[in-house]
Amino acid sequence: MPVLRLHSIDDVTDRIRVMRFVSADGESLPEYSAGAHVEFDLGAAGTRAYSLIDWPQVPQGYTVAVQREPQGDGGSRAMHALAVGDRVTATAPKNDFELGGADPVLLLAGGIGITPMISMATALQAAGRPFALHYTGRSAAAMGFVDDLRAAFDEAVTVYCDDANPLDLGALMAAQAPQTALYICGPRGMIEAARTAATQAGLTDINVELFATPEGQAQDRPFEVELAGSGQSFTIPPGKSIIEVLEAGGVDLTYDCQRGDCGICRTEVLEGVPDHCDVVLTEAERAAGNVMQICVSRAKSERLVLKLREARAGVTATRQPKARRRGGAADIRALVHAGQVHRDVYTSAEVYRLEMQHLFRNAWVFVGHESQTAQPGDYYTTQIGDQPVIQVRHSDGEIHVLHNRCPHKGTKIAIDREGNTGKFFRCPYHAWSFKTDGCLLAIPLAKGYDNTALNESENAKGMKAVGAVRNYRGFIFARVAEEGISFEAYFGDSLSSIDNMVDRAPAGRLEVAGPPLRYMHKCNWKMLVENQTDTCHPMVAHESSAGTAVKIWEEMGNPEPRPAAMQIIAPFMSPYEFFEDMGIRTWPNGHGHTGVNMSIHSDYDAIPGYFEALTEAYGAARAKEILDENRHNTVYFPNIMVKGPIQQLRNFIPLGPDKTLVESYIYRLVGAPDELLARTAMYNRMINAPTSIVGHDDLEMYERAQEGMMSDGLEWVDIQRLRTGPEDFSAEAIENGTTERQMRNQFDAWLTFMTADMQ
């Protein structure tokens, strides 16, 4: 793909920026025709397509115009952030909107849809062909290029503004000769209105290009699609297209734009009523209902029977989807469908990169505990996804989470795991200093920045804070994104597991008890998260460890009293029926827990003096209620697990697509007997330490799975256990304790927060 260098920038309105690119290596760029576009690789913002602009007698290069969309998904912001001299990779030009040979030509542009029309007008003028260009927008101030268009194409140009002289589409189309070739580019609403007016006026040569993804219809609900001939049936859930689901199920399809404007995926409808969302079909075709564009259109009926093109016939569900570059929301959604996930979610370096850029940015992620930064100036360093951060207590007692980066040269401010910085942080490189809330405190030789633009930049504000921070009962969570879902909406009732763990302390608070046990795993982080609610593996995977311990104890005659070690390890060998009866509860946004009715922690011996201390704090009834709640593992999506009865938190820190650092923290119940902490520490050592006799069983399974997924025998991972039909993850649910619903719930949340800021 060509590497381009940004040669020049020209802001034609307060939102539209014209950017001219040249070859970065001085080589000739691939040629193109009027109507072509290129796709720019914008890294975290994905790929974005922009039409190429040609003006008469303008130097060669690739010129595009980018309208900044403050509420968009980041593509325009990424383009506007480029500076002259920056390099960017782009595809070779592609043309889905080519000029035909029919005359006369009517060009109709709405808003930023003017860009391909400029090139078309230039080409038509150079060829001496008759044309007219009609350009409409919301207001004169928002419309770029008006003066340039009039200077270049004179009387061929007519301009309209909604707030002054609005365009009358009916009159415009009625004035055209029947043989007129019409080209339309702009927003969907304008295209639909123009197409209707043109059809009514008798025009038949109508060509469109959409400058926004077509909107779905109001009734975006699940429906069934059956493929005639093969008899295969698929459930199309809300938020996924027919193409995504069929391709994920192994059906080989031919398509291109996935916006509903190219017509390539046109498919025959044998039964059912389609809900048309494209901009290709005519009104007559829509009314007939016997064809549809399966990239965007849905169903008004409960079921559709589709006849795929002959070239696609005979494909079975074992065929795997074609490899493609991951980056857009559609690509990500294609990795997950009902009951299965593609192996790329565990193995792909590109998917992992997108997780760091999107998922861990949009979700609320655990940072640390307030007791780790108990005094003003105390700090603790960690990471959110791949972002290094500092948790620090400010002089007013508030806890802040700051990006661990100096705004000057990017140097990490703190490299120690924890410490006390006093009243300020000081960069070790150039001695810029910052208050413990991140604000800039001082710069050595500050006069060197007089009359510069530093004070107008973000860098002058100091160490940048993450987007949002919440201290919930001592647990610190953060959202990196500036805007997004609120803490309350994200966690909802799932916080009851943290409540139960903290309420177990007679003093109503916890303290971190020493550093965590840290254990490196050569596997994807999601394998560990899924395992926390996988209740069909303990009696199998842990037979060599827990099973051996139980066998030896039985050979000894099951002597009483049972030591704490046996109380901890023996329940891992409980039968399937025990785990079925435990139950699983799921909450929206990927959270859930095993142990609704009881758990492997329910039958531990009572610790002398503990119930009495809890009764004194809460009363006997409340104390009993707290201790009767014995939840097993609570997963807080994306990457922690909490055990209330054991006062443990495990943090699954992703370091790569096949590398995860596990940190296992234990907490002291303030006001409770020390024997409780001793049992918690024993559990942590026996089950989750690098020296554990149990944890290695799981580690071996994770690493075997990571290696096995590199096999090309199958590309899909199955999580369908006890799934009997479409599932609603937007509400709390309680099910059989061996269901894999929580895993499916996690991937539903994975899709939500991965694609929240994608196109």
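**Reading a predicted model: questions on terms**

Mentor: This model is predicted. Start with Ser23, which sits in strand 2, a strand covering residues 16-23.

Trainee: What makes the pairing of the Ser23 side chain with the backbone nitrogen of Gly26 a polar contact?

Mentor: A polar atom of that side chain lies 3.3 Å from the backbone nitrogen of Gly26.

Trainee: How do you know whether the sulfur of Cys265 is bonded to the closest cysteine sulfur?

Mentor: The closest cysteine sulfur is in Cys295, 3.7 Å away. A disulfide needs sulfur atoms within 2.5 Å. So the two are too far apart for a bond. A search of the whole structure finds zero disulfides.

Trainee: What makes Cys265 count as buried?

Mentor: Its relative accessible area is 1%. Under 20% is buried, so the label holds. Cys185 is buried too, because its relative accessibility is 0%.

Trainee: Why is Leu517 called partly exposed?

Mentor: Leu517, in strand 32, has 26% relative accessibility. Buried is under 20% and exposed is over 50%. The value falls in between, so Leu517 counts as partly exposed.

Notes: Residues are numbered from 1 along each chain as its sequence is written. This is a predicted model: local features need pLDDT of at least 70, side-chain atom pairs count only at pLDDT 80 or more; totals for chains, interfaces and linings use all residues. Side-chain values use heavy atoms; hydrogens and water are left out. Helices (H or I, at least four residues) and strands (E, at least two) are DSSP runs, numbered from the N terminus. Buried means under 20% relative accessible area, exposed over 50%, partly exposed in between (1.4 Å probe, protein chains only). A polar contact is a pair of N or O atoms within 3.5 Å; within protein, one must be able to donate a hydrogen and the other to accept it, and residues adjacent in sequence count only if both atoms are side-chain atoms.
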